[in-house]
Amino acid sequence: MPEAILLKDVDGVGSRGAVVDVSKGYLRNFLIPRKLAAPATKGAVEAARKKVEAEEKAARDLVSRAEEHAEQLNRTVLTISQQAGEDGRLFGSVTTQDIADAIKDARSITIDKRHVHLDEPIKSVGTYMVVVEVANGVTATIKTMVNAA
């Protein structure tokens, strides 16, 4: 049976980057035309191994950089000024986008507003602890002070 390097995950066969034994017909008629696999030559196997190692290294670097950002954000105190009435209620609210913009201004760290976790928008003056997901599984808690402008 010929060996093939999977270029994408294939159900029932293996995951991306794996070298698998498949029948000639399956390789020639299904996997190669759909760009799911390539024939496993010495050079191709070595190239696939290097590519997998590079992707793993990039993922480790991303996680370590995210942990550094989270550590920096844990020490951050954001101050957001909004117009408020005399009773301390805001005219409008502080949303996840406002918090993401404040993080960008304060620390030059870009956070997607969907990764800022608020139960509901902040509608009154005060101090709040906001959880931010920096990367998959890496979170930071930012002290956010909302003041009347």
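1. **Basis.** This is a predicted model, where local features need pLDDT of at least 70, side-chain atom pairs count only at pLDDT 80 or more, and totals for chains, interfaces and linings use all residues. Residues are numbered from 1 along each chain as its sequence is written, and side-chain values use heavy atoms, with hydrogens and water left out.

2. **Elements.** The protein chain holds three helices and nine strands. These are DSSP runs numbered from the N terminus: H or I of at least four residues for helices, E of at least two for strands. The order from the N terminus is β-β-α-β-α-β-β-α-β-β-β-β.

3. **Overall form.** The protein chain is more spread out than a compact globule, because its radius of gyration is 25 Å, well over the 15 Å from the globule rule for 149 residues. The radius is taken over C-alpha atoms, and the rule is 2.2 Å times the number of residues to the power 0.38. Along the principal axes, the C-alpha atoms fill a box of roughly 80 × 25 × 20 Å.

4. **Burial and surface.** Buried residues are 26% of the 149. Buried means under 20% relative accessible area, exposed over 50%, and partly exposed in between (1.4 Å probe, protein chains only). The chain exposes about 9700 Å² (Shrake-Rupley, 1.4 Å probe). Carbon and sulfur atoms supply 49% of that area.

5. **Contacts.** Take contacts (heavy atoms within 4.5 Å) between residues at least 6 apart in sequence: 46% of them join residues at least 24 apart.

6. **Largest pocket.** Its volume is about 170 Å³. A pocket is an open set of points on a 1 Å grid over the protein atoms alone, where a 1.4 Å probe fits, with protein on both sides within 12 Å along at least five of seven lines; lining residues have an atom within 4 Å of a point. The volume is the space filled by probe spheres set on the points.

7. **Pocket lining.** I5, L6, L7, R16, G17, A38, A48, K51, V52 and E55 line the largest pocket. Two elements, β1 (3–6) and α2 (42–74), each give two or more residues. α2 gives the most, with four. By class, the lining has six nonpolar, one polar and three charged residues; Gly counts as polar here.

8. **A149.** A149 sits in the segment after β9 (138–148). Its relative accessibility is 73%, so A149 counts as exposed. Leaving out residues up to four places away in sequence, A149 touches S81, Q82 and Q83. V131 is 18 residues from A149 in sequence and 24 Å away in space, C-alpha to C-alpha.
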